[in-house]
Amino acid sequence: MVRDPQQNAFCLPGGKICVYTGILPLTANDAGLATVMGHEMAHATCHHGAERVFKNNMTQVAMMGVQGSMGGMDHHQQQLLMGMLGAGAKFGVLLPFSRDHESEADHVGLKYMARAGYDPRESLAFWKRMAAHSQGQQPPEFMSTHPVHETRIRQLETWIPEVMDDYEHATKPVTAEAP
Ligand SMILES: [Zn+2]
């Protein structure tokens, strides 16, 4: 979590997820934040980021991400990396993921949040808040790489029933377990 008013979140090549505090009003609740985290985690576990960064020849950023976690860096190194990523974003390196990658991240992310005990139905509410926000004068930065298409909403609606079992299992009280 980075204290910064930007309404954004992204995944580093090494799998570290960076969430700016600015996006918290949009995530609104824990399940909303779990939607963003699950989605970004899925980009990481499906290796979307690494693929994309190498494609864009940002080898240096990738190396930093792979070699050391953000947590292992001192403040100055973190600032440097964030600056590089910021510059990358400006020069179009942090391009939107392809529709396929986005769909995969939504699908896998939904499973992650359900298994972690967050109501997967909240993901719909989050993306709808994002869509509503995109109409504003200053759409969230997250929107530029994560446009809310009708397909995104429609696919989530079809996938939610698949993960409800996982969610119910994760939230079942321990006392209900068989001895
Ligand atoms: Zn994404």
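## Aromatic cluster

Phe-126 and Trp-127 are both buried, that is, under 20% relative accessible area, where over 50% counts as exposed and values in between as partly exposed (1.4 Å probe, protein chains only). This is a predicted model, in which local features need pLDDT of at least 70 and side-chain atom pairs count only at pLDDT 80 or more, whereas totals for chains, interfaces and linings use all residues. Residues are numbered from 1 along each chain as its sequence is written, and side-chain values use heavy atoms, with hydrogens and water left out.

The structure contains 4 aromatic pairs. The ring centres of Phe-126 and Trp-127 are 5.1 Å apart and the planes stand at 70°, so this pair is edge-to-face. Rings of Phe, Tyr and Trp (its six-membered ring) pair if their centres lie within 6.5 Å; planes under 30 degrees apart count as stacked, over 60 as edge-to-face and the rest as tilted. Through ring pairs, Phe-126, Trp-127 and Phe-142 form a cluster.

## Charge over a ring

Arg-152 is placed over the face of Trp-127, 3.9 Å from the ring centre. The criterion is NZ of Lys or CZ of Arg within 6 Å of the ring centre and within 35 degrees of the ring normal.

## Confidence

The mean pLDDT (the predictor's confidence in each residue, from 0 to 100) of the chain is 79, and 68% of the residues score at least 70. Confidence is highest in helix α9 (residues 150–171), at a mean of 95, and lowest in helix α4 (residues 59–67), at 45. Helices are DSSP runs (H or I, at least four residues), numbered from the N terminus.

Over residues 89–93, pLDDT stays under 50. Where pLDDT is low, the predicted coordinates should not be read in detail.

Terms used: Helix = DSSP H or I, 4+ residues; strand = E, 2+ residues; numbered from the N terminus. Contact = heavy atoms within 4.5 Å.
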